[in-house]
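Morning, everyone. I have one structure to walk you through today. Please look at the screen.

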Amino acid sequence: MSNHPNRSRSSPGRNPASAEVRAARTAAGLTQTAAAALVHTTCRVWQLWEAGDRRMHPAFWELFRIKARACLP
């Protein structure tokens, strides 16, 4: 979907890169298990997102960013 005309690297409705997913989780001070629970998925799926083996859906990314703000000190 990277060639989709409505998706860009800066669009809020885009698939995040695996490094972004990992960086956001660590910045929020969460383990993979806690981050997965925050968006109602399994730890294994979160691991696949961080490894780059599966792309995170933009809805999960948006939900995580909203909920992770509450975890920030």
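The protein has four helices and zero strands. Helices (H or I, at least four residues) and strands (E, at least two) are DSSP runs, numbered from the N terminus. From that end, the order is α-α-α-α.

Some ground rules. This is a predicted model, where local features need pLDDT of at least 70, side-chain atom pairs count only at pLDDT 80 or more, and totals for chains, interfaces and linings use all residues. Residues are numbered from 1 along each chain as its sequence is written, and side-chain values use heavy atoms, with hydrogens and water left out.

Now, burial. Of the 73 residues, 29% count as buried. Buried means under 20% relative accessible area, exposed over 50%, and partly exposed in between (1.4 Å probe, protein chains only).

How many residues does the largest nonpolar core have? It has 14. Those with the most contacts inside it are Val21, Leu30, Trp46, Trp49, Met56 and Phe64. At least two core residues come from each of α2 (32–38), α3 (43–51) and α4 (58–69). By nonpolar core I mean a set of buried Ala, Val, Leu, Ile, Met, Phe, Trp, Tyr and Cys residues joined through side-chain atoms within 4.5 Å. In soluble globular proteins, nonpolar side chains tend to be buried together.

Take Trp46. Set aside its neighbours within four places in sequence, and Trp46 is in contact (heavy atoms within 4.5 Å) with Val21, Arg25, Gln32, Ala35, Ala36, Val39, Met56 and Phe64.

Next, Glu50. This residue sits in helix α3. Is Glu50 buried or exposed? Buried, at 4% relative accessible area. Not counting residues up to four places away in sequence, Glu50 touches Ser18, Val21, Arg22, Arg25 and Gln32. With Gln32, there is a polar contact, side chain to side chain, at 2.9 Å. That term covers a pair of N or O atoms within 3.5 Å; within protein, one must be able to donate a hydrogen and the other to accept it, and residues adjacent in sequence count only if both atoms are side-chain atoms.

Compare Glu62, in helix α4. Glu62 is partly exposed, with a relative accessible area of 43%. Its C-alpha atom is 9.7 Å from that of Val39, 23 residues apart along the chain.

Last stop, His40. His40 lies in the loop between α2 and α3. At 64% relative accessibility, His40 is exposed. Its phi is near 60 degrees, a positive value in a residue other than glycine. Most residues other than glycine have a negative phi.
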